[in-house]
Amino acid sequence: MQLSGAIVDGEQIAGAGKLDVLDPATGKLAGTVLAASDAEAMAAVAAAKAAFAGWAARSQAERAAAVARCADILERNSEELARLLTREQGKPLGGMGSRFELGGTVAWTRYTAGLSLPAEVIQDDAQSHVAIYRKPLGVVVSITPWNWPVMIAIWHIMPALQAGNTVVIKPSPLTPLSTLRVVALLQEALPPGVLNAVAGPDSIGPVLTSHPDVAKVCFTGSTRTGIKVMSSAAPTVKRLTLELGGNDAGIVLPDCDPNAIAEGLFWGALINNGQTCAALKRLYVHDSIYEQVCQALKGFAGGVKTGNGFNEDSLLGPIQNRMQFDKVSRLVEQAKSAGGRVLCGGEASGGDGYFYPVTLIADAEKGMALVDEEQFGPALPIIRYSKLDDALEQANGLDAGLGGSVWSSDIARARDIAMQLECGTAWVNKHGGLRPDTPFGGVKASGFGVEFGPHGLDEFVSLHVIHD
Ligand code: NDP
């Protein structure tokens, strides 16, 4: 498969460069992008700028109808897109893999088409009329990562369009194929220039994030890169939404039934092979049930098949890329040499592709890199605690603050403890369920701004107040 690296003003443009995309299950070529250059990135911003006035002037109902048509197009093409996603990302077609991701994109798009931007009247009497209006910002740049490439693209694109902005998206060079295909398909529902895409070398990102005609950047990725995006956007005072990943803690209280929570804990941590921003990445378990929880998790893990994503019985695929594979291997090796006890996995699988087995490390402690750093892979450290205050202090002791969870049979107490977690979302007896109608975002080094629902839509408008 060979795709044009730029979609600008409704036209596919083949760039002069070449970007090879690898299938992480085999290490072989998944496809080639005729890569865009800085010039195409500039042209994409110009096209989005030129299309803005016309798109913003459309009625809310017209824009909503176009976004709803996007949902139909995604739904009609979801099997083709799911297969392309598996090819370049590695996640399985089934389970919580590519078909699940495509289902989510359709649901999120359809929900977003139902959102409105109401005017609010603060005062309306003989003395004064004061009202707040919501106006689109202009050109929005979306920069996306390789873990949930299609879903995250849709999370950025759809509210931006619904609010009347135009968009330039730059996918990760590791997974550009499905995003380019999505943007090509969606042209049918949108006027030229409203949604543009550029995929190419690393220089493109900074061109977009510093461009004076860009009003806002939506970025999902690492904190390190988020900081670069923020400083690049600062001279032109752009708005930002930064979703920078996390190192979510889960705290298991002594009143839990280990076997009853094992499945929820497992998928909270291992969804998408742990390559999920709001996955459970550090598990704190009370001393009194520690071994039982470890054994219950190990037992559950034994029934989960890792394999090529095109095998319908695979529930987990390979790690997406070499860099991440090396990072997970390094963190597990360090944990082992620092006294971590391997319950399962613990060694790279060997053979073709970036396969790494589900790895559960007991007797993990703070100070181990596997605990302190975001592993973003299929390796979960399990930490023993005896005092809740100590578990809470450790859970809140890192810079990250995206998600967290508390596990207990006493829901009211668990909710109370969840309130003490320093994060954007805390779950009780589950970890990681997102909803299109509920805001999602981080605190501390996990970023700022929220996505989803009316609160998320408000991040794509400026408030304009009229007093008369
Ligand atoms: P990055 O944060 O480096 O990349 C994410 C996106 O940002 C890519 O599209 C990348 O494209 C782009 N980018 C990189 N540098 C810049 C820049 N200066 N200006 C604008 N855009 C830029 O993630 P990595 O892929 O390198 O992964 C590193 C770590 O990040 C992982 O180990 C994991 O811990 C974390 N991560 C978190 C994610 C999350 O969901 N929050 C998702 C992915 C990773 P390009 O490379 O072409 O510049």
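**Ligand and domains**

Reply: Let's start at the ligand: one of its oxygen atoms is 2.8 Å from a polar backbone atom of Ser 222. A polar contact here is a pair of N or O atoms within 3.5 Å; within protein, one must be able to donate a hydrogen and the other to accept it, and residues adjacent in sequence count only if both atoms are side-chain atoms. This is a predicted model, where local features need pLDDT of at least 70 and side-chain atom pairs pLDDT 80 or more, while totals for chains, interfaces and linings use all residues. Residues are numbered from 1 along each chain as its sequence is written, and side-chain values use heavy atoms, with hydrogens and water left out.

Me: Which residues come nearest to the ligand?

Reply: Being near means having a heavy atom within 4 Å. Of 28 residues around the ligand, Thr 144, Trp 146, Ser 222, Thr 225 and Gln 324 come nearest. For Thr 144, a backbone N or O atom lies 2.9 Å from a ligand oxygen. For Gly 221, a backbone N or O atom is 3.2 Å from a nitrogen of the ligand.

Me: How is the chain divided into domains?

Reply: The bounds come from an automatic or database domain assignment. Domain 1 covers 2-244 + 443-467, and domain 2 covers 248-428.

Me: What area do domain 1 and domain 2 bury between them?

Reply: The size of an interface is often given as the accessible area lost when the parts come together. With a 1.4 Å probe, summed over both parts, domain 1 and domain 2 bury about 2,500 Å², 59% of it on carbon and sulfur atoms.

Me: How many salt bridges are there between domain 1 and domain 2?

Reply: Look for a side-chain nitrogen of Lys or Arg within 4 Å of a carboxyl oxygen of Asp or Glu. By that rule, two salt bridges are counted between the domains. Arg 99 and Glu 312 meet in a salt bridge, at 3.1 Å from N to O.

Terms used. Buried area = accessible area lost by both parts, 1.4 Å probe.
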